[in-house]
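Try each task on your own before you read its solution.

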Amino acid sequence: QVQLVESGGGLVQAGDSLRLSCAASGRTFGLYAMGWFRQAPGKEREFVASISRSAITYYADSVKGRFTISRDNAKNTMYLQMNSLKPEDTAVYYCAAEDRSGRWGTPPRVLNGYPYWGQGTQVTVSS
């Protein structure tokens with residue numbers, strides 16, 4: 001089993017930065033891609049960014065140039081550096097991981113590509 005725990009969320013003002021962390025534990029040796037999704041109240045969960053084991057990255061158009069996804073495989077930890085935050089970034093941010101794509105695979109950008117999920121961390125951006 002794999003457990004994922006997000007941290008780093010909070011309340012910030014527009015233009016500020018936050019760094020989210022996702023710590024993986026359990027059977028982490030089999031993990032390949034990891035990703036971030038977010039869900040605002042009343043809206044569906046949406047893709048934010050993903051990163052493969054070999055550091056291939058994808059970003060949603062809405063966050064390109066502002067967010068940076070990274071990972072430290074030795075620490076089994078993934079990060080999301082969020083800069084120039086906007087009120088529309090307000091959401092619960094979820095960490096996700098999968099064990100199917102392989103070391104050289106691309107990181108999924110869809111919800112069903114990830115069988116493991118954290119419980120989320122709230123990010124609120126005020127204007």
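## Exercise 1: A hairpin and its turn

The hairpin of S7 and S8 has 4 residues between its strands, and within that hairpin Asn 76 takes a positive phi near 55 degrees. Before going on, note that this is a predicted model, in which local features need pLDDT of at least 70, side-chain atom pairs count only at pLDDT 80 or more, and totals for chains, interfaces and linings use all residues. Residues are numbered from 1 along each chain as its sequence is written, and side-chain values use heavy atoms, with hydrogens and water left out.

**Task.** Describe Asn 76 and the two strands of its hairpin.

**Solution.** 
- Step 1: Asn 76 is found in the loop between S7 and S8; strands here are DSSP runs (E, at least two residues), numbered from the N terminus.
- Step 2: look at the backbone. Asn 76 is not a glycine, yet its phi is positive, at about 55 degrees.
- Step 3: Asn 76 has 26% relative accessibility, so it counts as partly exposed. The scale calls a residue buried under 20% relative accessible area, exposed over 50%, and partly exposed in between (1.4 Å probe, protein chains only).
- Step 4: follow the strands. S7 (residues 67-72) and S8 are antiparallel partners over 6 bridges, and Asp 72 stands opposite Thr 77 in S8. Two strands pair if DSSP finds at least two bridges between them.

## Exercise 2: From the hairpin to the sheet

**Task.** In what order do the 4 strands of the open sheet follow one another, and which strands stand at its edges?

**Solution.** 
- Step 1: Strands of a sheet pair through backbone hydrogen bonds, either parallel or antiparallel.
- Step 2: read the order. The open sheet runs S1-S3-S8-S7, with antiparallel pairing.
- Step 3: find the edges. S1 (2-7) and S7 each have a single partner strand, so one side of each is left without a neighbour in the sheet.
- Step 4: consider the turn. Neighbouring strands of this sheet are turned by 15 degrees against each other on average, direction ignored; the axes are lines fitted to C-alpha atoms, and angles run from 0 to 180 degrees between N-to-C directions.
- Step 5: check the remaining contacts. S1 and S3 share 6 bridges in the antiparallel sense, with Leu 4 opposite Ala 24 in S3. S3 (residues 18-26) also pairs with S8 over 6 antiparallel bridges, where Ser 21 has Tyr 79 as its bridge partner.
- Step 6: ask how covered S8 is. In S8 (residues 77-82), 5 of the 6 residues are buried.

## Exercise 3: The partners of S4

**Task.** Which strands pair with S4, and how many of the residues of S4 are buried?

**Solution.** 
- Step 1: take S5. S4 and S5 are antiparallel over 5 bridges, and Gly 35 stands opposite Ser 50 in S5.
- Step 2: examine their hairpin. There are 6 residues between the strands, and Gly 42 takes a positive phi near 75 degrees.
- Step 3: take S9. S4 and S9 run antiparallel, joined by 6 bridges; Gln 39 has Val 92 as its bridge partner in S9.
- Step 4: count the buried residues. In S4, 5 of the 6 residues are buried, so this strand is largely enclosed by the rest of the structure.

## Exercise 4: Rings together

**Task.** Which residues form the one aromatic cluster, and how are the rings of Phe 37 and Tyr 114 arranged?

**Solution.** 
- Step 1: name the members. The cluster is made of Phe 37, Phe 47, Tyr 114 and Trp 117.
- Step 2: count the pairs. The structure holds 4 aromatic pairs. Rings of Phe, Tyr and Trp (its six-membered ring) pair if their centres lie within 6.5 Å; planes under 30 degrees apart count as stacked, over 60 as edge-to-face and the rest as tilted.
- Step 3: look at one pair. Phe 37 and Tyr 114 are edge-to-face, at 5.6 Å centre to centre with 75 degrees between the planes.
- Step 4: trace the chain. This pair links distant parts: Phe 37 lies in S4 (residues 34-39), while Tyr 114 lies in the loop between S9 (91-97) and S10 (116-117), 77 residues apart.
- Step 5: compare with accessibility. Phe 37 is buried at 1% relative accessible area, and Tyr 114 is buried at 3%.
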